[in-house]
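My entries follow in the order I made them.

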Amino acid sequence: MNSRLTLTLIATLLASSAMAQDNELTVASWGGSFQDAESKALFEPAAKAMGINLTQETYSGMSDVRLQVQTGQVTFDLVASGTGSAARAGAEGLLEPIDYNVVDVSHFLKGTYSDYCVGSDVFSTTYAWNTDTYGADGPNSWADFWDTEKFPGSRAYRGNSVAGVLEPALMADGVAPEDVYKVLDSEDGIKRAIDKIRELKPNIEVFWSSGAQQAQLMKDGEVDMTTGWNGRFDTAARDGGKVAYSFNQGLADVDCFAIPKGAPHKELAMKFLAEISKAEYQDDLPKYITYGPTNTLAYETGEISPEVAATLPSSPENAAKQLPISLDWYIKWETTANEMYQDMLTE
């Protein structure tokens with residue numbers, strides 16, 4: 001009898017442990033004010049609604065996912081990603097395909113979801129300036145950002161990736177926004193953009209590597225202008241930074257969520273992804289960071305006022321001023337372009 005009781009107790013404990021594990025998820029994102037906003041608007045409310053025990057981690061991007069998948073030690077269930085990185089990772093076999101029978105994207109903006117990635121927000125890569133240096137009337141184009149006579153002072157530019165780096169250079173060099181990706185569709189066009197950055201390089205004091213660094217540069221007044229993501233600049237301004245920016249000629253881009261191949265809780269991750277893609281979560285994101293929802297119904301819930309909508313990259317007025325990122329270009333050229341760019345940076 002004692003043996004039976006012992007076996008019953010062990011079975012009960014194992015079943016309880018399995019149930020607990022089936023109710024756990026690990027999500028990874030990029031930290032800083034961005035992940036804080038995701039956590040408050042999406043992760044925590046959805047986990048509570050679904051009764052999930054959620055662990056959040058920060059990570060460096062798809063290189064971390066690649067390492068986990070290749071070593072067979074996958075711990076992430078859901079990761080934040082850029083759409084280009086997710087497309088390449090999916091093609092490489094690093095991600096699970098999205099089950100669109102589970103995840104409803106019927107009201108999503110066109111181009112904000114793909115086979116391996118579901119859009120979480122729309123953001124803009126743009127230029128920001130120190131209002132103590134230039135006042136409210138700072139640069140209004142990438143040509144202005146490059147114009148060190150009209151706008152003397154130090155700059156910061158992205159250094160850890162070619163994403164959002166070459167398009168501004170070509171627009172500064174006189175290429176019309178609608179022709180940017182036509183020019184970039186060759187090594188000569190990529191070289192032209194890099195040469196334009198080379199011209200500005202003596203005035204680039206910092207090559208930044210993270211969104212948190214962008215915000216800190218502006219908060220501390222370390223540089224007079226920088227490229228970066230609109231939501232980070234709004235956060236810096238709320239924290240007392242003397243910073244302004246413009247959507248004119250900005251690069252409209254999308255963050256997304258993906259599920260690593262072999263995720264320990266794949267089915268639950270898919271359901272969680274479906275939950276955080278709903279309008280009633282996405283409409284809360286602008287309360288914490290000024291990135292626009294991908295689910296258009298989020299603009300209809302009443303949570304996003306017209307005044308707030310006017311500050312979001314996905315609002316019709318702001319979207320019309322921007323160049324949408326070409327996912328096809330990044331899939332085809334990013335690796336080559338990044339190698340060429342990094343070579344220039346180390347000259």
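I began with helix H12, where Leu268, Ala269, Met270, Phe272, Leu273, Ala274, Glu275 and Ile276 are buried. Buried here means under 20% relative accessible area, exposed over 50%, and partly exposed in between, with a 1.4 Å probe and protein chains only. That makes eight of the eleven residues of H12 buried, and I noted the helix as mostly covered. Helices (H or I, at least four residues) and strands (E, at least two) are DSSP runs, numbered from the N terminus.

For the record, this is a predicted model: local features need pLDDT of at least 70, side-chain atom pairs count only at pLDDT 80 or more, and totals for chains, interfaces and linings use all residues. Residues are numbered from 1 along each chain as its sequence is written, and side-chain values use heavy atoms, with hydrogens and water left out.

Next I looked up the packing of H12 (residues 266-276) against helix H2 (residues 32-50): the angle is about 115 degrees and the axes are 10 Å apart. Axes are lines fitted to C-alpha atoms, for helices over the stretch in contact, and angles run from 0 to 180 degrees between N-to-C directions. On the H2 side I listed Leu42, Phe43, Ala46, Ala47, Ala49 and Met50, which meet Leu268, Lys271, Phe272, Glu275 and Ile276 of H12. Contact means heavy atoms within 4.5 Å. The residues of this contact divide into nine nonpolar, no polar and two charged. Ala, Val, Leu, Ile, Met, Phe, Trp, Tyr, Cys and Pro count as nonpolar, Asp, Glu, Lys and Arg as charged, and the others, Gly among them, as polar.

**Strand S8**

I then turned to S8 (residues 243-258), where 15 of the 16 residues are buried. Which strands does S8 pair with, and in what sense? Strand S4 (residues 118-130) runs antiparallel to S8 over eleven bridges, with aspartate 121 partnered by aspartate 255 of S8. Strand S3 (residues 78-82) is also antiparallel to S8, through four bridges, and I found valine 79 opposite alanine 258. Strand S9 (residues 323-324) is parallel to S8, with two bridges; there leucine 251 has leucine 323 as its bridge partner. Two strands pair if DSSP finds at least two bridges between them.

**Salt bridges**

I counted 18 salt bridges in the structure, each a side-chain nitrogen of Lys or Arg within 4 Å of a carboxyl oxygen of Asp or Glu. Glutamate 96 forms one with lysine 261, the closest N and O atoms being 3.9 Å apart. Glutamate 96 lies in the loop between helix H4 (83-91) and S4, and lysine 261 in the loop between S8 and H12, so the pair ties together parts 165 residues apart in sequence. Is glutamate 96 buried or exposed? I read a relative accessible area of 7%, so glutamate 96 is buried, while lysine 261, at 38%, is partly exposed.

Aspartate 144 and lysine 150 form another, at 3.6 Å from N to O. Aspartate 144 is buried at 13%, and lysine 150 is exposed at 52%. For aspartate 284 and lysine 287 the N to O distance is 2.7 Å; aspartate 284 is buried at 19% and lysine 287 partly exposed at 46%. Last, I noted a network of salt bridges that links Asp173, Arg192, Lys196 and Glu199.
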